[in-house]
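Student: I have a new structure to read. Can we go through it by question and answer?

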Amino acid sequence: MSAAEHDPNCIFCKIVAKQIPSRLVYEDAQVYAFHDINPWAPVHFLLIPKAHIPSLAQVTPAHGDLMGHVMALIPRLALQEGCNPYPDGGYRVVTNTGTEGGQEVRHLHFHIMGGPRPWLRG
Ligand code: AMP
Ligand code: ZN
């Protein structure tokens, strides 16, 4: 990760750099996935680009390959982590964006939540 793609003050950049521990779900050159520390559902993990993109509001067509990679990974990782198959199972994919969107961590992330209901939230 080049310096320009890493924000030293960002908690998720620190997780990618393994300066803060996380429970790994998946990692490759472009993305990192780890279990949410405060899960809403039996399965709840976060999928993030390794590069520091603050939110969905900063995504442009230049991120097309990365976003395609993320979207294709979500169904694969959801099943790997124990979500039940579509259509009776399934999962929820959430990207909170900005203050009014409920975003707390300003590094683009996709919540993937699933598993048998009821859930704690959501
Ligand atoms: P959001 O409100 O969409 O920005 O969600 C941020 C999410 O990051 C929340 O669900 C938190 O529980 C989760 N989170 C914050 N810090 C950590 C951490 N160190 N490891 C795993 N998940 C985290
Ligand atoms: Zn970051």
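Tutor: We can. A nonpolar core is a set of buried Ala, Val, Leu, Ile, Met, Phe, Trp, Tyr and Cys residues joined through side-chain atoms within 4.5 Å. Keep in mind that this model is predicted.

Student: Which residues touch the most other members of the largest nonpolar core?

Tutor: That core has 19 residues. Two of them touch the most other members: Leu-47 and Phe-110.

Student: Which element gives the largest share of this core?

Tutor: Strands S1, S2, S3 and S5 and helix H2 each give two or more residues. Seven residues, the largest share, come from H2.

Student: Is Lys-50 buried or exposed?

Tutor: Lys-50 sits in the loop between S3 and H2. A polar atom of its side chain lies 2.9 Å from the backbone oxygen of Asp-28. Buried means under 20% relative accessible area. Lys-50 has 13% relative accessibility, so Lys-50 is buried.

Student: What is the arrangement of the donor atoms around the zinc ion (ligand 2)?

Tutor: Cys-10 (SG), Cys-13 (SG), His-52 (ND1) and His-107 (ND1) coordinate the zinc ion at 2.0 to 2.3 Å. Four donors count as tetrahedral if all angles lie between 85 and 135 degrees. Here the angles are 105 to 117 degrees, so the arrangement is tetrahedral.

Student: How many residues apart in sequence are the parts that His-52 and His-107 tie together?

Tutor: Both histidines are buried. His-52 lies in the loop between S3 and H2, and His-107 in the loop between S4 and S5. The pair therefore ties together parts whose separation in sequence is 55 residues.

Note on methods: Residues numbered from 1 in each chain as written. Chains lettered and ligands numbered in written order. Predicted model: local features only at pLDDT ≥ 70, side-chain atom pairs only at ≥ 80, totals over all residues. Heavy atoms only, no water. Buried < 20%, exposed > 50% of the residue type's maximum accessible area, 1.4 Å probe, protein only. Helix = DSSP H or I, 4+ residues; strand = E, 2+ residues; numbered from the N terminus. Polar contact = N/O pair within 3.5 Å; in protein donor to acceptor, adjacent residues only side chain to side chain. Donors = N, O, S within 2.8 Å, 3.2 Å for Na, K, Ca; no water. Tetrahedral: all angles 85-135°; square planar, octahedral: opposite > 155°, others 65-115°.
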